[in-house]
Amino acid sequence: MLNINHQKFLELDQLSQQKVPFFFVIDFLMENVLIFNEEDLKSKIILVDFPYFKNIENKEFASKKIEWQAFPQSKKDYEKGFKIVQEHLKRGDSYLVNYTTETPVETNLTLEEVFYQSKAKYKVLLNNEFTFFSPETFVEIKNQKIYTHPMKGTIEAEKQNAIELLKNDVKEKAEHYTVVDLLRNDLSMIADNVQLDEFQRIDYLQTSNKNLYAMSSEISGDVKPEFQYKIGSLLQKILPAGSILGAPKPKTLEVILEAENYKRGFYTGVAGCFDGENLDSCVIIRYIENKNSLYLNEKPNLVFKSGGGITHLSKLEDEYQEMKNKIYVPIH
């Protein structure tokens with residue numbers, strides 16, 4: 001089912017074994033793997049703003065009132081895919097499916113303005129093609145110790161007792177437990193001494209629309225000798241990322257490809273920076289794509305891709321609302 005670009009993953013292995021720094025972007029299905037060397041990053045083919053690496057300088061933009069309008073699919077259309085997911089969950093084919101959609105958006109912001117002005121842990125702008133502002137770490141490697149931070153479960157921050165509600169919500173809790181268990185198993189394939197360091201941490205996400213609380217955990221381990229300095233092999237073993245796929249992985253991927261009526265592309269893939277020794281990477285979420293990127297003189301055709309985890313406890317109304325809640329830019 002997966003048409004993995006093995007050649008590019010081998011190239012990632014070769015570069016990391018030679019301890020050559022690079023930046024990479026991998027799409028959801030591991031078919032498109034973009035690799036950028038130091039020269040590419042200096043020439044700013046791609047703009048990166050990561051915690052430990054950035055190739056941008058501060059840029060001032062004229063102050064303006066942000067116009068932002070989303071045109072989400074109807075609840076009836078959303079329900080078509082939702083029902084397919086629920087049927088598979090009832091059959092026991094999966095117990096968590098991350099179901100996503102794409103939503104046309106109109107804004108007076110350019111992708112460049114969104115990239116520079118949004119507040120997020122990980123930000124990337126590739127030409128006029130896409131930008132993302134992700135709060136979610138995928139894996140970090142520091143001195144051959146690997147960490148992952150699965151993020152699953154959100155709630156509107158304005159709700160009364162929001163943190164308690166999020167931590168004790170049966171559906172959100174089950175979803176978070178499932179992803180933590182999945183990521184612990186994934187890490188065990190490439191690391192020894194895997195352990196859960198932090199469970200159900202709450203992060204505050206500020207947006208121009210609604211402020212959210214998101215739930216994360218931290219898992220760590222020691223990279224197995226056969227995967228040390230083999231970034232391609234290591235990533236190929238644990239992709240697609242569990243937090244934006246579901247469990248069990250192979251069957252859940254089939255469910256997603258049946259239920260979703262669009263191509264995710266780079267959305268829910270991963271991007272990362274290898275500095276010659278250590279790796280920092282993120283899950284590509286909070287993602288805006290310009291479908292007219294090849295036509296420079298045409299008006300941008302922007303879509304925002306978003307979704308959430310579906311379990312047998314999920315309610316259509318809640319999941320539809322969560323998908324819409326995530327369509328925002330973190331500019332304030």
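Why are Lys83 and Glu79 separated by about one helical turn? In this predicted model, the two residues are 4 residues apart in helix H3 (residues 75-91), and therefore about one helical turn lies between them. Their side chains meet in a salt bridge with an N to O distance of 4.0 Å. Lys83 is partly exposed at 46% relative accessibility, and Glu79 is partly exposed at 26%.

The structure holds 20 salt bridges. One of them pairs Glu112 with Lys59, with the closest N and O atoms 2.6 Å apart. This pair links distant parts of the chain, 53 residues apart: Glu112 is in helix H4 (residues 111-117), whereas Lys59 is in the loop between strand S3 (46-49) and strand S4 (68-70). Glu112 has a relative accessible area of 28% and is partly exposed; Lys59, at 41%, is also partly exposed.

In helix H6, Arg184 and Asp181 are 3 residues apart, which means a separation of about one helical turn. The salt bridge between Arg184 and Asp181 has its closest N and O atoms at 3.5 Å. Relative accessibility is 31% for Arg184 and 35% for Asp181.

Glu260 lies in the loop between helix H8 (249-259) and strand S14 (270-274). Glu260 is buried, since its relative accessible area of 9% is under 20%. A polar atom of the Glu260 side chain is 2.8 Å from the backbone nitrogen of Thr100, and the side chains of Glu260 and Arg264 make a polar contact at 2.9 Å.

Technical notes:
Residues numbered from 1 in each chain as written. Predicted model: local features only at pLDDT ≥ 70, side-chain atom pairs only at ≥ 80, totals over all residues. Heavy atoms only, no water. Buried < 20%, exposed > 50% of the residue type's maximum accessible area, 1.4 Å probe, protein only. Polar contact = N/O pair within 3.5 Å; in protein donor to acceptor, adjacent residues only side chain to side chain.
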